[in-house]
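Subject: Structure handover

Hello,

Here is the structure you asked about. My notes follow below it.

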Amino acid sequence: MGTGNIFCRIVIIMCFYCHQTAAQSYHFHAATMNFGESVTYDVYFKWGLIMSRAGDATFSYDSDYSVDNASSRYRMLFKTVRFFDNFFKMRDTLNTYYNDRHELIYSLKCSDEGGYYSIDKLKFTHSKEDSKIHSLRYTPSKVKIDTVITAKGNITDLLGAVHYLRRLDRKKLKNGDTYPLTVVMGRDLVKIQFIYHNQAIVEREKVRYNTRYFVIDIYDEAFESSKTSAEVWLSDDDNFLPVKVRSKLKIGYVEVYYKESSNLAHPMTCRITGKQ
C-alpha cells in the first residue's frame, strides 16, 4: 500500500453520514453541520524523534444538486506541504453526496499522488435488506476496478465515516458504547468500529478543548494493529467536530489537529482558553 493511501485513510477517519438501515437504534443529533461550513486541519507525520507537518486537510459541507437525486455534498481537499512534495506529492479531492433522506448515494475520489493519477467512483443503491455498491477505479490508461459489491449494515465510503460520528448525540453517550461501520475501498470492505470511552481535555498551542474521546478499531493492513488502531477526540459542543486524531502506523505515527473553521452551525464552546 502506498504512503499516499495511508495518509488518506488516516485523514479520512476524522470526517464521519452513512446508510442508516441498521442504525435506527443509535442516538443521533439533528443538526451538527451547517451548509457553508469549512474546517481545516494540520496533518503531521512522526517517525522516531522527528515530527514534521505533512499537509493540510480541509472539509466542507454544502448543498449540491449536480449529481442525480443528490441534495448535499461533503468534501475533503488534502495536499502535502512543500517539504513533503519533494518526497511524495499528494493532491487528493473526495466528494460524498447524499439525498434528501440523508442516504449516501455517490462518492468521487480524485487522486494525484506522486505522478500517479486515478479516479474512484462509488454508486450506492440501498434496500431494506442490503446495499449494492458499483465500484469503478480507473487511470488515464486503463480501468483498474469495475465491480459490484453487496454489503449489509452501516455502509459508507471513506469520507462518509466522519459524518457518521458527528451525528451521534454526545449527551447520550455511555462509556463502552460501540458503533460498527463497513467502509468501501475499491473492491474491499473494511470493518471499523468506534468505541466511546470518556471526556477528555486536549491542549494545542496554548488552547484547551473539552472533548469526547473514542478509540477506533480498524481491520486494515496499513495499521500496526486492529485494536485501537486510531484515537479521535471530538469537540464537546453541538458541532461535535474532530479536534485531534492520532494513529500508529507500520511506518510511524500520524497526528491530525484542528486549525480553524468558518460558518459552523453552533458556537465552538468547547474551547477553554484562547480566541475562537
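Start with Thr139. This residue sits in the loop that runs between β7 (131–138) and β8 (143–151). Is Thr139 buried or exposed? Its relative accessible area is 12%, under the 20% cut-off, so Thr139 counts as buried. Leaving out residues up to four places away in sequence, Thr139 touches Tyr116, Tyr117, Ser118 and Lys144.

Keep in mind that this is a predicted model. Mean pLDDT for the protein is 83. Of its residues, 84% reach 70 or more. One stretch to treat separately is residues 12–30, where pLDDT stays under 50. The model has 80 contacts beyond four places in sequence for that stretch.

β5 (residues 104–113) and β6 (residues 116–126) pair antiparallel, over 8 bridges. They form a hairpin with 2 residues between the strands. There, Gly114 takes a positive phi near 60°. Across this pairing, Cys110 has Ile119 of β6 as its bridge partner.

β6 also pairs with β7. Those two strands run antiparallel and are joined by 8 bridges. Here Leu122 has Ser135 of β7 as its bridge partner.

**Cysteines**

How many disulfides are there? The count is 0. Cys110 is partly exposed, at 27% relative accessible area. Cys270 is buried, at 0% relative accessibility.

**Cores**

In soluble globular proteins, nonpolar side chains tend to be buried together. The largest nonpolar core here has 65 residues. Which residues have the most contacts inside it? They are Tyr74, Ile192, Phe194 and Phe214. Strand β12 (residues 207–218) gives the most to this core, with 7 residues. Another core lies apart from it and has 7 residues, including Val67, Ile105, Leu108 and Ile119.

Not counting residues up to four places away in sequence, Phe214 touches Leu165, Leu168, Leu173, Tyr179, Phe194, Ile195, Tyr196, Ala230, Glu231, Val232, Leu234 and Phe240.

β12 is mostly covered, with 10 of its 12 residues buried. It pairs with two strands listed here:

- β11 (residues 188–204) runs antiparallel to β12, and 12 bridges join them. Ala200 stands opposite Thr211 in β12.
- β13 (residues 230–235) also runs antiparallel to β12, with 6 bridges between them. The bridge partner of Ile216 in β13 is Ala230.

β11 and β12 form a hairpin with 2 residues between them. In that turn, Glu205 has a positive phi of about 50°.

**Salt bridges**

The count is 13 salt bridges.

Asp42 and Arg53 meet through their side chains, at 3.2 Å from N to O. Asp42 is in strand β1 (residues 37–47) and Arg53 is in strand β2 (residues 50–63), so the pair ties together parts 11 residues apart in sequence. Asp42 is buried, with a relative accessible area of 9%. Arg53 is partly exposed, at 30% relative accessibility.

Arg101 forms a salt bridge with Glu103, and their closest N and O atoms are 3.1 Å apart. Arg101 has 59% relative accessibility, over the 50% cut-off, so this residue counts as exposed.

Asp236 forms a salt bridge with Arg212, with the closest N and O atoms 3.2 Å apart. This pair links distant parts of the chain. Asp236 is in the loop between β13 and β14 (242–249), while Arg212 is in strand β12, 24 residues apart. Are these two buried or exposed? Asp236 is buried, at 16% relative accessibility. Arg212 is buried as well, at 10%. Both residues belong to a network of salt bridges that links Arg170, Arg212, Asp236 and Asp238.

Best wishes

Key
Residues are numbered from 1 along each chain as its sequence is written. Side-chain values use heavy atoms; hydrogens and water are left out. A nonpolar core is a set of buried Ala, Val, Leu, Ile, Met, Phe, Trp, Tyr and Cys residues joined through side-chain atoms within 4.5 Å. Buried means under 20% relative accessible area, exposed over 50%, partly exposed in between (1.4 Å probe, protein chains only). Helices (H or I, at least four residues) and strands (E, at least two) are DSSP runs, numbered from the N terminus. Contact means heavy atoms within 4.5 Å. Two strands pair if DSSP finds at least two bridges between them. A disulfide is a pair of cysteine sulfur atoms within 2.5 Å. pLDDT is the predictor's confidence in each residue, from 0 to 100. A salt bridge is a side-chain nitrogen of Lys or Arg within 4 Å of a carboxyl oxygen of Asp or Glu.
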